[in-house]
Amino acid sequence: IKAGDDIFVVADGERFQYRVRTTTRVWPNQVDVLFPTAQAQLTMLTCTNWDTQRFLVIADFVGPVAGPAAAGGN
């Protein structure tokens with residue numbers, strides 16, 4: 001996953017589009033990356049580097065996507 005990639009989230013039967021702004025690695029104690037933001041964004045974290053760091057993805061909200069919200073579809 002890299003900057004510019006699209007992420008689609010299905011929630012409550014609706015589909016929403018986000019665009020990746022940045023990816024980086026952070027330390028587990030860097031919890032400030034989870035603080036609320038002024039703009040709508042998606043923040044995702046997963047373990048990396050043998051579980052010593054976290055891979056962080058921040059994506060900006062693009063908007064709702066019209067059409068059926070099929071799970072796993074683009």
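Student: What joins the side chains of Gln 41 and Thr 43?

Tutor: A polar contact is a pair of N or O atoms within 3.5 Å; within protein, one must be able to donate a hydrogen and the other to accept it, and residues adjacent in sequence count only if both atoms are side-chain atoms. Gln 41 and Thr 43 have such a polar contact between their side chains, at 3.2 Å. Another, of 2.8 Å, links the side chains of Gln 41 and Arg 21.

Student: How should I treat the model itself?

Tutor: The model is predicted: local features need pLDDT of at least 70, side-chain atom pairs count only at pLDDT 80 or more, and totals for chains, interfaces and linings use all residues. Residues are numbered from 1 along each chain as its sequence is written, and side-chain values use heavy atoms, with hydrogens and water left out.

Student: Where does Gln 41 sit, and which residues does Gln 41 touch?

Tutor: Strands are DSSP runs (E, at least two residues) and helices likewise (H or I, at least four), numbered from the N terminus. Gln 41 lies in strand S3. Contact means heavy atoms within 4.5 Å. Leaving out residues up to four places away in sequence, Gln 41 touches Tyr 18, Arg 21, Ile 58, Ala 59, Asp 60 and Phe 61.

Student: How many helices and strands are there in the protein chain?

Tutor: Zero helices and four strands. The order from the N terminus is β-β-β-β.

Student: In what sense do S1 and S2 pair?

Tutor: Two strands pair if DSSP finds at least two bridges between them. S1 and S2 pair antiparallel over six bridges. Asp 6 has Arg 19 in S2 as its bridge partner. S2 and S4 also run antiparallel, joined by eleven bridges. There, Val 26 stands opposite Arg 54 in S4.

Student: What is the phi of Asp 12?

Tutor: Most residues other than glycine have a negative phi. Asp 12 has a positive one, near 55 degrees. Asp 12 is in the loop between strand S1 (6-11) and strand S2 (14-26). That hairpin has two residues between the strands.

Student: Where is Trp 50, and what is its phi?

Tutor: Trp 50 is in the loop between strand S3 (41-48) and strand S4 (53-65). Its phi is positive, near 60 degrees.

Student: Are Asp 12 and Trp 50 buried or exposed?

Tutor: Buried means under 20% relative accessible area, exposed over 50%, partly exposed in between (1.4 Å probe, protein chains only). Asp 12 is exposed because its relative accessible area is 79%. Trp 50 is exposed too, at 83%. Of the 74 residues of the protein chain, 22% count as buried.
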